[in-house]
Structures are given as C-alpha cells and as structure tokens.
Amino acid sequence: MKYTVSAMIIHKAAMDRCFQLTFYVLYRLHLAWNFLFRPECHGVWIAVWAEDRLLVVQNAYRNSITLPGGSIDRGEQPVDAALRELREEVGIEAAPQDLLFWGQYLSFVEYKRDHINLFELKLPAMPPFRLDNREVNWARVCTSDQALELNLFPALRTYLKDRHAGRRPAGATC
C-alpha cells in the first residue's frame with residue numbers, strides 16, 4: 001500500500017496524540033498510586049546550560065515545566081540514568097565525564113518522597129535537540145530569569161534560586 005507524505009504526517013501526528021493521551025492517563029493512575037502508598041523514589045534531572053541559557057521541557061502529562069530527566073532504573077547508577085534520560089527525552093548525547101553532579105533535592109510533590117539527583121551539562125553552544133513529541137512535547141531555551149517566570153516544578157525553581165545565590169542543596173526540600 002502506498003501512502004502520500006501528507007497521509008504519513010497525519011498518521012504520525014495521530015500516533016503521537018495517542019501516546020500523549022496514554023501518558024496522561026498513566027500519570028493520573030501513578031498519582032493515585034502515590035497518594036495511597038507515598039513511595040520513596042530516586043530520579044535524575046539534567047540542566048543543559050549553554051551561554052547562560054537553559055533547556056527546559058514540558059511533559060505531555062504534566063502542567064509544570066521541568067528539566068529532562070526521569071527515574072533511575074534498578075541497578076542503574078544516577079549518572080547513567082541521566083545520560084539515558086537526556087538521550088531519550090531530547091536526543092542529546094553526552095559522556096559521563098561531561099556531567100557535573102550539582103546536588104540532590106528532596107521533593108514531596110505528587111504524593112511521593114522523590115530524591116532528585118541534579119546534574120549540569122555545560123556546553124559552549126546549545127546542541128540541536130529533538131523532542132519525541134510523545135512524552136516530552138514542548139521545550140524552550142531561556143535564561144534563568146526567563147525560566148523563573150514560567151510555571152516551574154517546585155524543585156526546579158529551588159535549583160535556579162540556589163544556583164543564582166551560588167549555593168548547593170543541603171537537604172533541600174520542595
């Protein structure tokens with residue numbers, strides 16, 4: 001069967017929307033699970049900086065703006081999880097030595113005790129990035145002041161304020 005380019009584009013857009021809807025529903029179920037069981041989680045975020053500008057993203061299932069990142073898989077080291085999430089969410093490749101561990105933030109948002117291991121990736125120029133348009137459907141490169149005007153996830157807001165003040169987290173909670 002032969003498809004036209006426009007038919008393939010429409011098909012991809014429909015598939016992306018189906019994935020977004022699935023993520024949205026699963027996220028709501030995840031929140032219900034968290035509400036009932038109050039789990040302890042460990043995850044990573046990667047702050048990609050270039051020329052004092054930061055890459056921020058929004059997931060299809062969440063209203064707030066965050067950084068590329070996600071959960072640490074069983075047996076996975078935080079730096080490896082950070083590299084995997086960076087590649088999966090925005091298509092940026094990096095090496096372990098490129099990441100600088102900034103610190104760990106403790107977040108109680110979403111009914112869980114979430115230990116967020118935050119890494120920085122400092123680059124001379126922002127690399128091209130690509131969104132999967134399924135889990136991550138929006139991204140912007142902005143200054144930290146511009147980011148602070150957005151609807152940020154609380155731990156991201158705390159990180160930007162800490163960074164601006166020149167301090168690292170010491171048992172920070174959000």
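A: What follows describes several of the salt bridges and their partners. This is a predicted model, in which local features need pLDDT of at least 70 and side-chain atom pairs count only at pLDDT 80 or more, while totals for chains, interfaces and linings use all residues. Residues are numbered from 1 along each chain as its sequence is written, and side-chain values use heavy atoms, with hydrogens and water left out.

The structure contains 13 salt bridges (a side-chain nitrogen of Lys or Arg within 4 Å of a carboxyl oxygen of Asp or Glu). One of them joins Arg-134 to Asp-16, with 2.8 Å between the closest N and O atoms. Because Arg-134 sits in the loop between β6 and β7 (136-142) and Asp-16 in helix α1, this pair ties together parts 118 residues apart in sequence (helices, H or I, of at least four residues and strands, E, of at least two are DSSP runs numbered from the N terminus). Asp-16 is buried, at 4% relative accessible area, whereas Arg-134 is partly exposed at 25% (buried is under 20%, exposed over 50%, partly exposed in between, with a 1.4 Å probe and protein chains only).

Another salt bridge links the side chains of Arg-84 and Glu-88, at 3.5 Å from N to O. These two residues are four apart in helix α2 (residues 78-90), which means about one helical turn separates them. Arg-84 is buried at 13%, and Glu-88 is partly exposed at 42%. Both belong to a network of salt bridges that also includes Asp-73, Glu-76 and Glu-85.

Lys-112 and Asp-114 meet in a further salt bridge, 3.9 Å from N to O. Asp-114 is buried, at 11% relative accessibility; Lys-112 is buried, at 11%.
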